[in-house]
Each structure stands twice: as C-alpha cells, then as structure tokens.
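Subject: The structure, and what I found in it

Hi there,

Here is the structure I promised to pass on to you. Please open it alongside this message, and I will walk you through what turned up.

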Amino acid sequence: MPSSQVAAYGTWKSPITSDLIVTGTIGLSQAALDGEDIYWLELRPTEAGRTVLVRRTPDGQTSDVTPAPFNVRTRVHEYGGGAYVVHQGTVYFSHFADQRLYRQTLGSEPQALTPEGNWRYADGVVDESRQRFICVQEDHTAGEQEPVNTIASLDLEGNSEPQILVAGNDFYSSPRLSPDGSHLAWLTWNHPNMPWDGTELWVAAFNPDGSLRQPEKVAGGITESIFQPEWSPSGILHFICDRTGWWNLYRWQQGQVEALCDRAAEFGEPQWVFGQSTYGFDTSSGSEQIICTYVEKGTTHLARLNPTTQELQAITIPYTVVRGLQVAAGQAVFLTGSPTESLAIARLDLATGETTVLQRASHLQVDPGYLSEPQAIEFPTENGLTAYAFFYPPNNQDYTAPDGEKPPLLVKSHGGPTAGTSTLLSLSIQYWTSRGTAVLDVDYGGSTGYGRAYRERLKGQWGIVDVDDCVNGARFLAEQGLADGDRLVIDGGSAGGYTTLCALVFRDVFKAGASYYGVSDLEALARDTHKFESRYLDGLIGPYPERQDLYQARSPVHFCDQLSCPVIFFQGLEDKIVPPSQAEAMVEVLQSKGLPVAYIAFEGEQHGFRKAENIKRSLDGELYFYSRVFGFELADSVEPVAIANL
C-alpha cells in the first residue's frame with residue numbers, strides 16, 4: 001500500500017463528492033406492513049424531490065406503487081408525516097401538489113377521494129366496518145385565520161361530505177381504532193404547548209351512526225407528554241408517557257393506567273411529524289410481546305418487553321439506529337443504520353434474529369479508510385452541567401496532516417430545537433471529515449434522548465443554553481488539542497441556523513458560519529409562521545408580545561454590529577416555516593457593514609432542500625466559502641460562490 005501524502009487539513013482530495021452523494025442517495029421513511037407485503041417511502045432527489053411509495057412482495061420483488069407525477073407527502077402541520085395507509089392491498093395517500101386524499105388499488109391509477117379545496121389530511125386509519133377513512137383533517141378555508149384541525153371520517157368511495165368526529169382543540173394526532181372497531185383513541189393538545197410539552201390521550205366509543213360518545217381522558221396534561229397510543233391485538237390500549245421524566249411504556253385497562261417498564265430511557269420521540277412509531281406487538285409466540293426501541297444517551301436499542309413479567313430483553317442487531325418500527329407476527333420492519341452503514345429499510349425475523357436489508361438510502365460503497373467513526377463525548381458547560389455530542393475526527397487513508405497542525409472544526413447545531421443527533425452514517429458529515437475538517441455534532445441542552453429535564457433546559461433559554469453548549473463543545477476540543485481554535489466554524493439548519501447566528505453574533509469563538517434557512521428575527525418568526533409552531537416560542541423565549549424585550553434581545557438581526565466574521569446563507573424561496581425575509585434582512589445588514597457574506601437562494605425549495613442540484617450546490621458552496629475565508633486550496637474544482645466584501 002502506498003504511503004499517505006502529507007497535506008494540510010481541508011485540502012485533502014476525497015472520493016465522497018457532492019455528485020456522489022446526490023446521485024447515489026435517496027431518502028427513506030415510513031415503513032408499513034400489509035399482510036405479507038412491506039411498503040415504504042422513497043424521496044428521490046433526482047426526480048425533483050418526488051416521494052414515491054414502494055412495495056416489496058414476499059418473493060423479494062420491489063416495485064413503485066404511485067406513478068409519476070404523484071408525490072406522497074402531506075402538509076398537515078407543514079412537516080407532514082403519516083401521508084399514506086395501506087389496507088388489504090388498497091393504498092390511501094395524500095398528494096403533495098393538491099393535498100387531496102387519493103385511493104389506489106394495486107395496478108390501477110390513483111382516484112381522488114376528496115374534492116379540490118384548501119384541506120389537508122394525515123395520520124389515517126381505515127374503519128372497515130363503516131367503510132370510511134378516519135384521519136386528521138386540517139382546514140385552511142378560513143383564509144388568513146389559523147387553520148382548523150379536527151379528526152374527521154371520509155367515505156371510502158368519496159360520495160359524502162366528511163364527518164367531524166372530534167373538534168374544539170388546537171391540535172390532534174394519532175386516531176387509532178380498537179381491533180373490534182368499537183372505540184377510537186387519539187391525542188390532542190392546545191396552544192402554547194408543543195406535543196413534547198403536554199398532550200392528552202382520549203378514548204371514546206362509537207354510536208350506531210359512527211359519531212363518538214362518552215369521551216374519557218386516559219392520561220396526559222399540560223406538563224405530561226403522551227406519544228403513540230396503540231391498541232394491542234387483544235384490545236388493550238398502550239401508550240408512552242413521560243410522567244416520570246422519561247418517555248416510558250404504559251397500558252390502560254379496566255380504567256387503570258399501569259407502567260410497563262420504569263427506566264431512565266426514552267421509549268418515545270418528539271412528535272414533529274405524524275406516524276412515528278417506536279413499538280409494536282408480536283403474537284407469534286402465542287402471547288402478546290412488545291417489540292420496542294429506546295434511547296439511552298443518544299444511542300438506540302432494540303428490545304422485547306414481556307408485558308406480564310415486565311422483563312426487558314435486548315435484541316442484538318448490527319445497527320445503532322432504529323426508527324419507524326413496525327411489527328407484525330414474527331417480524332419487525334424499521335429504518336436502521338450505523339456509523340458505517342447508511343440508512344436502510346430492514347426486516348428482522350423475530351424467531352431467528354436474522355436481519356435482511358430491503359432497501360438502502362445509498363448503494364455507494366465507501367472504503368472504510370475514508371470514513372470517520374463518531375466518538376460520544378460528554379463535556380462541561382455552564383452552571384456546572386455537562387452536555388453531549390458526537391465527535392468525528394478527520395480521516396482519509398490517503399493523507400496525513402503536517403506535524404503540529406490541528407484541524408479546522410465544523411460544529412453542527414441540529415434543528416428543532418427539540419430534536420437530536422444520531423450515529424447514523426451521514427455522507428454529508430463524511431464529506432467534511434474526509435477532506436480534513438473535524439466535525440462536532442452537538443446534542444445541546446434541549447435535545448431529546450436524555451430525558452425531560454435535559455429537554456427542558458431550553459425552556460425560556462433558547463439562544464442561550466444551545467449557544468453555550470455549542471461554544472463549550474468547540475472550546476473543549478480545542479483545549480484537548482483536537483481542533484484549531486483559530487479555525488472554528490458552525491452551521492445549522494432552521495432552529496440550528498438560529499443557534500448558528502446567535503453563536504456568531506453573541507459570542508466571539510467561531511471564525512465563520514453557515515445558516516441554512518435559519519431564524520434571525522424572532523419577532524418576525526412569532527408573527528409570521530405556521531400554526532403548529534406559532535406558539536412554540538412561548539416556551540423557548542416567552543409569551544409574545546408581552547416579552548417583546550426578550551425577542552429583540554435574542555434576535556441576531558438587531559446586533560449585526562457585534563458580528564465580526566463571514567457568514568453564508570442558504571434559503572428556499574418557498575419556505576413557509578422560516579420565510580426568505582429572515583435571511584435577506586440579515587444579508588442586507590452584513591453587506592452594508594462590509595463583512596464577507598454570501599446568499600444562495602433556491603427557487604421551488606421549501607424548509608429543507610430536496611432537489612439534487614440544490615443539495616450539491618449547498619454542500620460545495622459552504623466548502624468553497626470556508627476555503628476563501630481561511631485561504632486554503634481545494635483539491636477539487638467547485639462552482640464558485642459570489643462573496644460580497646471579500
């Protein structure tokens with residue numbers, strides 16, 4: 001084997017190119033089981049970001065179900081999720097272009113079930129005995145007023161008007177039908193709560209006409225978050241609740257709530273999208289067993305829970321990430337991956353323990369010699385506390401850095417901010433590490449996977465705690481000699497973009513940064529965002545306009561005079577969550593101040609980029625920007641970015 005070349009960090013030539021990433025990678029989400037068939041969604045950047053429903057039959061044949069131009073995606077809550085249901089071979093799905101609900105039998109063209117109009121649908125279930133589809137309906141016909149969210153039923157033939165089953169609260173999710181069709185369970189919550197703050201679980205019986213009667217609250221409240229209500233095959237209602245400070249499993253029978261597994265671990269997730277699932281029921285042994293996932297310190301585990309003995313038994317699989325778990329007798333299907341394997345749809349035989357990969361997000365085979373494996377770190381932060389992150393040191397088998405040189409460090413601030421990082425192989429991270437830039441992926445205070453107390457560190461402290469943790473993580477690595485303290489940069493998208501801008505404006509640690517559709521003006525966000533997040537800031541900042549002073553004090557756009565380093569902005573021009581005006585206001589101020597600044601806007605993109613050419617442009621654009629800021633030569637030719645004041 002030839003010896004490695006000596007070259008400065010950042011200048012290494014890598015086989016993990018932006019072209020490789022966007023042409024060889026798809027998005028995978030929402031697996032489902034229907035009899036012996038397995039379904040999932042594929043987001044295809046090379047098809048302009050279209051999401052396609054795919055079916056795999058028992059003989060291993062895989063085929064597209066939804067034909068072009070159908071795009072299986074709902075905009076309920078803007079973030080969507082729960083965009084399709086399969087029932088006995090018939091598919092019901094939301095089409096992104098018109099947000100109508102469609103029905104499709106296999107081998108036929110989709111047929112619209114709902115009329116044209118300003119309604120959206122998600123998170124449905126088929127009520128076979130009454131020949132209807134029960135789902136969350138979001139009504140936008142009121143114009144400028146907030147849309148109205150309800151749980152509604154729709155005739156499976158599309159011959160009648162929707163019947164509203166549950167209404168009156170701000171939000172609903174997870175309508176779930178009991179196995180005998182006699183009862184409906186659902187979740188609900190009101191402003192200013194987000195679903196991870198507090199939700200309520202309700203159950204009601206059906207009247208002969210299909211309406212509901214005798215609704216009963218099972219659990220939950222303003223400070224108790226319920227996640228994923230699910231009926232077992234025998235008709236017992238299960239759910240996940242964080243009343244102990246951790247999202248643990250419970251069941252409800254004979255009017256009593258019983259804990260099934262008291263553990264300092266997170267069996268639930270923040271409900272950003274519909275259709276999330278972390279457990280299901282296996283009856284192959286003759287008794288009901290719960291197959292579940294849980295997170296401890298950012299790492300996911302798969303296990304079998306005996307609800308009778310309450311024994312939790314680990315299931316060994318060769319992966320560190322498990323999402324969207326679906327279970328049927330004898331098998332489980334889920335999204336999975338590891339630090340060395342990209343996201344995949346996998347099937348687990350619960351009897352043999354054999355795991356079969358059904359589809360991969362990327363079929364690219366990258367030599368491990370170019371991959372950096374994450375190292376879980378816990379580092380000191382403010383007020384005597386510690387925070388968490390995954391550190392990726394630079395790695396490329398073809399190169400060695402000059403003696404004494406320390407690598408630049410890119411700190412990544414995740415979105416949400418109520419979200420979390422993972423150890424899943426990310427070629428977008430490896431894009432940096434294989435070129436000689438270290439990466440720190442921070443689970444700042446407010447992240448999920450560490451219990452409610454850690455999640456609530458951000459209450460009233462957004463723009464402070466998250467920034468402190470990103471700054472202290474970078475300093476920790478620099479003090480350990482693992483990063484160059486003079487070449488620390490930070491990037492993030494959405495809420496992570498806000499943390500990025502706050503870190504650049506209110507701290508003097510990072511030397512450059514990149515904001516992807518990030519928030520710069522909290523007041524503008526409070527006044528001009530969608531219903532789901534319209535009161536999110538009440539908990540993160542304070543009520544608006546009563547605490548206008550805090551909104552102004554923590555808005556980077558008002559303090560550009562404190563900014564003294566270059567920034568690049570990436571923005572979708574159709575973003576309804578963080579409108580382009582947020583980025584453009586910041587860019588204008590930086591231009592007038594004479595600081596190096598770049599702005600790349602994408603037509604047709606929303607909150608997050610889906611088109612291959614735009615994903616490529618943003619990756620290469622950020623790399624080019626840093627190369628100009630720090631004055632190092634790139635190994636590859638990339639499309640230049642227009643940088644003002646440089």
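Let me start with a question: in which sense do strands β19 and β20 pair, and over how many bridges? Strand β19 (residues 237-241) and β20 run antiparallel to each other, with 5 bridges between them. Before going further, please keep in mind that this is a predicted model.

**Strand β20 and its two partners**

On to the next partner of β20. Strand β21 (residues 256-259) is joined to β20 by 4 bridges, again in the antiparallel sense. Here Q253 stands opposite Q256 in β21. This is also a hairpin, with 2 residues between the strands, and Q254 in the turn has a positive phi of about 50°.

As for β20 itself (residues 248-253), 5 of its 6 residues are buried, which leaves the strand mostly covered.

β10 pairs with strand β11 (residues 132-139) in the antiparallel sense over 7 bridges. If you want a place to look, find R120, which stands opposite E138 in β11. The hairpin of β10 and β11 has 4 residues between the strands, and Q131 takes a positive phi near 50° there.

β22 and strand β23 (residues 289-296) pair in the antiparallel sense over 4 bridges. In β23, Q289 is the bridge partner of D282.

Now for the helices. Helix α4 (residues 465-479) has 15 residues, and the distance from its first C-alpha to its last is 21 Å, close to the 21 Å expected at 1.5 Å a residue. Of those 15 residues, 13 are buried, so α4 is largely enclosed by the rest of the structure. After α4 comes G481, whose phi is positive, near 80°.

Helix α5 gives a similar check on its length. Its 12 residues should span 16 Å at 1.5 Å a residue, and its end C-alpha atoms are 16 Å apart, which agrees. Because 11 of the 12 residues of α5 are buried, this helix is largely enclosed by the rest of the structure. Among the buried residues of α5 are Y498, L501, L504 and V505.

How do the two helices meet, at what angle and with their axes how far apart? α4 and α5 (residues 495-506) pack at an angle of about 70°, with their axes 9 Å apart. The contact is made by D466, V467 and C470 of α4 and by T499, C502 and A503 of α5. Angles from 65 to 115 degrees count as roughly perpendicular, and α4 and α5 are therefore roughly perpendicular to each other. Their crossing is right-handed.

**A closer look at L619**

L619 lies in helix α10 (residues 612-630). Is L619 buried or exposed? Its relative accessible area is 8%, and buried means under 20%, so L619 is buried. Not counting residues up to four places away in sequence, L619 touches S18, I21, S428, Y431, W432 and Y516. L619 and I21 are 598 residues apart along the chain, yet their C-alpha atoms are separated by 9.9 Å.

Definitions and conventions
Residues numbered from 1 in each chain as written. Predicted model: local features only at pLDDT ≥ 70, side-chain atom pairs only at ≥ 80, totals over all residues. Heavy atoms only, no water. Expected span 1.5 Å × (residues − 1). Buried < 20%, exposed > 50% of the residue type's maximum accessible area, 1.4 Å probe, protein only. Contact = heavy atoms within 4.5 Å. Axes fitted to C-alpha atoms, helices over the stretch in contact; angles between N-to-C directions. Parallel < 35°, antiparallel > 145°, perpendicular 65-115°, else oblique. Left-handed = near helix turned anticlockwise from the far one by under 90°. Pairing = 2+ DSSP bridges.
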